Structures are given as C-alpha cells and as structure tokens.
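Dear colleague,

I am handing over the structure below, and my notes on it follow. Please read them with the structure open beside you.

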Amino acid sequence: MDEPRTAAVGVAVSAPETAGVAAGAPAETGRRALGPVALVLGGVVSVQFGAAIAVLLMPRAGAVGVVTLRLVLAAVVLLIVCRPKVRGHSRADWGTVLVFGAVLAAMNLLFYQAADRIPLGAAVTLEVLGPLTLSVIASRRLGNLLWAGLALAGVVLLSGGGFDRLDPVGAAFAVGAGVMWATYIVFSARTGQRFPQADGLALAMAFGAVLSLPLGIMEAGSKLIVPSTVGLALAVALLSSVLPYTLELLALRRLPAPTFAILMSVEPAVAALAGLLLLHQGLSFTDALAIALVIAASMGAVRTQAGARKAERHRLAELKAGVERAR
C-alpha cells in the first residue's frame, strides 16, 4: 500500500451555510464514505473468488500452468489498457520494475502451489503473515508485539499444533508467498514512484509473464491453448488482477491508507467463504477462530501504526508552532 496515493479531502464551511443542510449532511457523508469502502471490499471479493476459480482450473493445467495463463492474460489486458512508454526510463527504473515483475511471478507461483495443497482460507491466512510482519517491523513499536503474538496464536491454532494437518509443503508455500507479498508491497511502492499511472504494473506483469511462461509450458504444454481453459483463465486474470487493481486505485483516491489496510485484512475470511461456496472446503470452529485471530492482529497492527503516525504529525506540528512563537 502506497501512502502518497491516498488523499483526504476536507471542506470547511461557515455555520450559517451549514444550518440549512445539517439534517441531510450525515446521510450524504455516509454515502460518500461507503463508496470507496464498497470498492475495496469488491476488490477483495473479486481476488478471492478468482483464486477459487483458479483452484477449479488446476486439474486442467496444473498450478504453474494456471499462474502462467493468469499472468500472460492479465499482462495483455494491462498493456492494451495502459499502453506504457518504454523509452525515457533510467536503468534504476528498469531495475525496479524487473524486480517487481519477478516478485509478482514468484508470489503467484508460491500461492497457487499452496492453494493446490491446502484449503484456500488457510493459504490466505498464512500468506497474510508476510504483510503483517512487515507492518510490525516497520512500526518498531513495542505495542505491535501484542499483534504479532495474536497472529502467532492464530497460526498455531490453524496448524493444530503441527502443520502436518494442513500438509507441511502447502503451508511452506503459503508462508513463502507471504514473504513475496511483503516484498511486493515494497517494490510496488517504488515502482509507483518511478512510473506514471499503472505503467509500471503493466510492464512488471509482462516481465512476470515472460518468466513464468517456460515453466507453464513445461508443466501444461498444449493444455495452455485449450479454448475452454483459456476462457476460465481469462476470468481468473480479470477477477484476480485487472478488476481488483482498478477498484483499489479508485478507492485509494478517496480512502485513507490505514482504513484501506484494515479492509484488506478481511481477505482470509473472504477466501474461506469462497472456498466454502465454490470448492466446498468446510471450516471447523478452530479454523474459523484461527482466521479471526489473524484478521484481528492485522487490523490492530494497522491501527497502531496509523495512530503512531498521527501522534508523530501532531508532535511535529506542536514543535513547529513552538518555534514560530519563539520568533
């Protein structure tokens, strides 16, 4: 999540002007607030139901084949829509976008390998540990150790005391995907600073598709060009990449970054719901409690970090005011 992409707009009006609209103001404000929230939640639902369709597609093309089709088709759509410029960029710009593309490919390959072995809700819960750990480390606040401990408790519950219940290989892939997700966040922000609009994302997606293509061909071969498989893969690309990125971009123009991060924390729950409805992957009470603990830890970490930033801004404002008074 990139802090500079957010915008908070405040409108100040005098008391006489607000007197006539006071009754309708709360409803209008509520509608404006619900708009970007609905966009983010729509993106979350889109991603996880796209992942569920990808799991259904895996028997046809394998996990690596599905990732290849998703990245290739998403890259084609983004390149057509964004039409990024390839000239005028520095070597550092290209280095950043190429690393971003490699991380994007690795993150998807690891996650789909996990989803092929363990339930979707469990895979996303373990994957969320990557961004959560990054948030805890970045904040450097003692209070965030509480949220880290809560997340750890959720993981222990999810594993049932040992990852053999989940399939240790699948769990390892999910944790690896979480590490790549944390790295993805860092390089997504750097790419956004170096490339306009979604140009960097389109170029990174294309590079990730090129990297995954040989692996996909090795695993699936001619299965990658079966029309019905390509059609389902296009649905996965649109639901898991193109649509959520678009919805999030629109939402971030009107939604504070901490609120956005909190909303994204519900992904494990949505993944579990998608797994239940499309894949018939039931949840035990212990699994549901474990997912709830990880979600609570993610939300708590985001709120703690946002509170720290707000306190720091307030402290700096008071310091500046004190300097001005001393003059």
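This is a predicted model: local features need pLDDT of at least 70, side-chain atom pairs count only at pLDDT 80 or more; totals for chains, interfaces and linings use all residues.

Within α10, the buried residues are Glu267, Pro268, Val270, Ala271, Ala272, Ala274, Gly275 and Leu279. After the helix comes His280, which has a positive phi, near 60°.

Which residues form the nonpolar patch on the surface? They are Leu56, Leu273, Leu276, Leu277 and Leu278, and together they have about 430 Å² of accessible area. The element that gives the most to this patch is α10, which contributes four residues. Leu278, a residue of helix α10, has a relative accessibility of 32% and therefore counts as partly exposed, since that class lies between the 20% limit for buried and the 50% limit for exposed.

**Val175 in helix α6**

A further residue that I looked at is Val175, which belongs to helix α6, residues 168-194. Its relative accessibility is 39%, so Val175 also counts as partly exposed by the cut-offs given above. Along the chain, Val175 and Phe111 are 64 residues apart, while in the model their C-alpha atoms are separated by 8.6 Å.

With best regards

Technical notes. Residues are numbered from 1 along each chain as its sequence is written. Side-chain values use heavy atoms; hydrogens and water are left out. Buried means under 20% relative accessible area, exposed over 50%, partly exposed in between (1.4 Å probe, protein chains only). Helices (H or I, at least four residues) and strands (E, at least two) are DSSP runs, numbered from the N terminus. Patches are made of residues with over 30% relative accessible area and no salt bridge: like charges are joined within 9 Å, nonpolar side chains (Val, Leu, Ile, Met, Phe, Trp, Tyr) within 5 Å. Accessible areas come from the Shrake-Rupley method with a 1.4 Å probe; for residues, only the protein chains shown count as cover. A salt bridge is a side-chain nitrogen of Lys or Arg within 4 Å of a carboxyl oxygen of Asp or Glu.
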